[in-house]
2 protein chains.
Amino acid sequence: MIQGHTWIFPNPPAIIASSAVGGPFEAQGPLADDFDLLHEDLWLGQDSFEKAEKKLLEQACERSIDKAGMKKEDIQFFLAGDLMNQVISSSFTARTLAIPYLGLFSACSTTVEGLALGSLIVSTGYAQRVLTGTSSHNAAAEKQYRYPTEYGSQKPPTAQWTVTGAGTAVIAPEGSNIRITSATIGRIVDMGIQDPFNMGAAMAPAAVDTIEAHFRDLRCSPTEYDLILTGDLGRIGHQTATDLLNKHGVSLPKDRFGDCGLMIYREDQPVLSGASGAGCCACVTYGHILNRMRKGELNKVLIVATGALLSPLSYQQKESIPCIAHAVSIKYEGGKEGS
Amino acid sequence: MIQGHTWIFPNPPAIIASSAVGGPFEAQGPLADDFDLLHEDLWLGQDSFEKAEKKLLEQACERSIDKAGMKKEDIQFFLAGDLMNQVISSSFTARTLAIPYLGLFSACSTTVEGLALGSLIVSTGYAQRVLTGTSSHNAAAEKQYRYPTEYGSQKPPTAQWTVTGAGTAVIAPEGSNIRITSATIGRIVDMGIQDPFNMGAAMAPAAVDTIEAHFRDLRCSPTEYDLILTGDLGRIGHQTATDLLNKHGVSLPKDRFGDCGLMIYREDQPVLSGASGAGCCACVTYGHILNRMRKGELNKVLIVATGALLSPLSYQQKESIPCIAHAVSIKYEGGKEGS
């Protein structure tokens, strides 16, 4: 069923397992306990940061499949994407899995694009077991988008820190009380910002556009959610989004409007305006948030993953940053998971 | 409905409009008449090849929307991807369209990934009007994957020529006699080939894997199809695929087993082993093949788009080439289109 840009699932599919794998910097953060695996070595024993990122995603896939009590052969489709050129982290992970694979790209909003499409496929009976996920690696992203970290180049205070991490989930028709009830697909919003060191501000209007579309399409109010969580706007983007929503007459209580990019690191970790990267929303959602839902601390959450769809080349060619946000609403149906 | 890796659509969605836009080299090819628009200028009046590629895709989108008798506001979702880093051709086109956008990446098999997902979304009632498409640009791809064309570097005879072109289609529940009846989602097949100048050979086993999965899942024989058309294996890959199929006991008559990469250029155009690029399968399918179906020359076609999911970086890091192929079966239900 569709209303506006929003898919509503009359048979809401379940997230039957999820996992998050992180790096050494994430291990120092306040959500460390919500990771399934944390690596002390940023290289994960690999000979390149790109191969380390693939390893993160492979391990997050393994963990989720294992937690679902399945083998990889049981999974019918793998929906994934990442920030690397030609989404190699996902494609090479798909090679390891040898599962039919649908490659996605929506930068840091890929987590929710995969969850939305995977939910649609499962909800309509076109699969019974879908694996979806994404990843990012701080040093691989810095090297590709900006400068190799070895250069030690400085950044302005508006910049965000790319998460080293991967998050994945297994979606099935039944098997858990955590359900995807709807998904709002975003459109590109580009306010003309050209500064790749201020992506939070660039992405905030896209997040607001999708949040407003979601409530308009479902004719519901923000108070229905215990938490509305944007992907990774960071400090500046979160403030911009709050201001924009206020201006449009939408007031979200402070304790119910958060941002993944402000949760994964401690205040005193040197991450400037906060965290970002495809792995940020994936790890926070598939680790921390779903754990809180499983404990009954949150019943209904709207995850609004944001993506800055620039490339280093489009920036060099003086293009502005096209931004997008996709949202999924996740509902905990009470009782212990699986009961 | 799902069987194996194959989605079967009980309400097969219709391709209600399609279009192909090409460059000067495509204008010299045997399929020139099947393009909606051919450019004499490889730059399309833009100041970079990347912006020229975006223009190709924008024009192919405009044409298809126009042919469907719609405005861009009527389209509910845009599913697209391309070969550029961070799929910028598609993302920037999505900015122009301002339609909810799902970014995809499956290299040269993106055409069919988009058509498969778009068909599923329409067939299940989660949209009534979906636009899908992809693009490539010879000089932009050479610059990114190999060397800027200005260097005049030479290539081995196994190399393929990236098509400058974009192809798009509008999918709807009704409105045409051209229907998508099923889609087979491929998995990664990697036979260890590392040579980016021999992608046809690398992709052939993936094409064979998906063709065999399709017939196994549907319990049907290749004779059901008037034409089985691979994405862009080129001369060497097509021969390899034929040999592999023969080895597995599947014999396809020569006149019913073709390759888009062997159709779009004339024998005497200097394209070495044939054509490739995401725009190749898109232009041949959405231009030439659908035109032949509309004329009643072909009734049932299996399009098997192939993708080499490498990046320049994965090649430099001595990785082999992970390949994939996705297939859709397209049926012409007789009578004049729309009648």
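Predicted model: local features only at pLDDT ≥ 70, side-chain atom pairs only at ≥ 80, totals over all residues.
Entry 1. I looked up the lining and found that domain 1 (2–172) and domain 2 (178–332) of chain B both give residues to it, so the largest cavity lies between them.

Entry 2. I stayed with that cavity and noted a volume of about 210 Å³. It is lined by 20 residues, and the closest to its centre are Cys108(B), Arg146(B), Thr162(B), Met199(B) and Ser276(B). I sorted the lining by class and got twelve nonpolar, six polar and two charged residues. For the cavities of 30 Å³ or more, I wrote down a count of eight.

Entry 3. How much space lies in the largest pocket? I have about 860 Å³ for it. Its lining has 34 residues, and Asn85(A), Gln144(A), Pro312(A), Asn85(B) and Gln144(B) are the closest to the centre. Both chains turn up again when I go by element: α5 (138–145) and α9 (312–316) of chain A, and α5 (138–145) and α9 (312–316) of chain B, each supply at least two lining residues. By class I wrote down 19 nonpolar, nine polar and six charged residues.

Entry 4. The second largest pocket comes to about 310 Å³. Of its 18 lining residues, I noted Asn138(B), Glu142(B), Thr149(B), Lys155(B) and Trp161(B) as the closest to the centre. Here α1 (24–27) and α5 of chain B are the elements that give two or more residues. The largest share, three residues, comes from α1(B). I also checked the domains: domain 1 (2–172) and domain 2 (178–332) of chain B each provide at least three residues of this lining. The classes here are nine nonpolar, six polar and three charged.

Entry 5. Last, a look at chain A as a whole. I listed nine helices and 15 strands. Buried residues make up 68% of the 339 in chain A. Among contacts in chain A with a separation of 6 or more, 78% join residues 24 or more positions apart.

Definitions and conventions:
Residues numbered from 1 in each chain as written. Chains lettered and ligands numbered in written order. Heavy atoms only, no water. 1 Å grid on protein atoms, 1.4 Å probe; cavity = no way out; pocket = protein on both sides within 12 Å on 5 of 7 lines; lining within 4 Å. Points joined across faces, edges and corners; volume = space filled by probe spheres on them. Helix = DSSP H or I, 4+ residues; strand = E, 2+ residues; numbered from the N terminus. Nonpolar A, V, L, I, M, F, W, Y, C, P; charged D, E, K, R; others polar. Domains from an automatic or database assignment. Buried < 20%, exposed > 50% of the residue type's maximum accessible area, 1.4 Å probe, protein only. Contact = heavy atoms within 4.5 Å.
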